[in-house]
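This briefing accompanies the sequence and the structure displayed below.

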Amino acid sequence: TDGQIDDLIGNAPRMLNEVNKIIAEQKAAGVPDEQMKGLFQKKTMLEAVTNNLEVINIVGKPVIKVLLNFVKKMI
């Protein structure tokens, strides 16, 4: 799971570009915003990660990893 967290955080900018591309394609096809609610939620989450990569790498990742290890021990 440590590698998965690192991959997710490291790939956030690329994933954000992909989501933006999909949204643009959907808009061009005439899809209303209401039907793209899930895409907009993903975009918001990925923007938060991308805009805060430095903070996440310093503070967030270690906290997330500790929580995951705690959960693994509980299971």
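The model is a predicted one, and every value quoted here is computed from it. Ala 12 also belongs to the largest nonpolar core, together with Leu 46 and Val 49.

**Nonpolar core**

- The largest nonpolar core comprises nine residues, namely Ile 5, Ile 9, Ala 12, Leu 16, Val 19, Ile 23, Leu 46, Val 49 and Ile 56.
- Helix H1 and helix H2, the latter covering residues 37-51, each contribute at least two residues to this core.
- H1 provides the largest share of the core, with six residues.
- In soluble globular proteins, nonpolar side chains tend to be buried together.

**Helices and overall form**

- The protein chain contains three helices and zero strands, and its elements follow the order α-α-α from the N terminus on.
- The radius of gyration of the protein chain is 16 Å, well over the 11 Å that the globule rule gives for 75 residues, so the chain is more spread out than a compact globule.

**Ala 24 in H1**

- Ala 24 is located in helix H1, which runs over residues 2-28.
- With a relative accessibility of 45%, Ala 24 counts as partly exposed, because that value lies between the limits of 20% for buried and 50% for exposed.
- Ala 24 and Gln 35 are 11 residues apart along the chain, and their C-alpha atoms are separated by 13 Å.

**Asn 52 between H2 and H3**

- Asn 52 lies in the loop between H2 and helix H3, the latter formed by residues 53-74.
- The relative accessible area of Asn 52 is 37%, so this residue is partly exposed.
- A separation of 20 Å is found between the C-alpha atoms of Asn 52 and Leu 67, which are 15 residues apart along the chain.

**Surface, burial, contacts and charge**

- Of the 75 residues in the protein chain, 17% count as buried.
- The accessible surface of the protein chain amounts to about 5,600 Å², and 60% of it belongs to carbon and sulfur atoms.
- Among contacts in the protein chain between residues at least 6 apart in sequence, 62% join residues at least 24 apart.
- The protein chain carries 10 positive and 9 negative charges, whose mean positions are 5 Å apart.

Methods. Residues numbered from 1 in each chain as written. Predicted model: local features only at pLDDT ≥ 70, side-chain atom pairs only at ≥ 80, totals over all residues. Heavy atoms only, no water. Helix = DSSP H or I, 4+ residues; strand = E, 2+ residues; numbered from the N terminus. Rg over C-alpha atoms; globule rule 2.2 N^0.38 Å. Buried < 20%, exposed > 50% of the residue type's maximum accessible area, 1.4 Å probe, protein only. Contact = heavy atoms within 4.5 Å. Areas by Shrake-Rupley, 256 points an atom, 1.4 Å probe, with all protein chains shown as cover. Lys, Arg positive; Asp, Glu negative; His and termini not counted. Charge placed at Lys NZ, Arg CZ, Asp CG, Glu CD. Core = buried A, V, L, I, M, F, W, Y, C linked by side-chain atoms within 4.5 Å.
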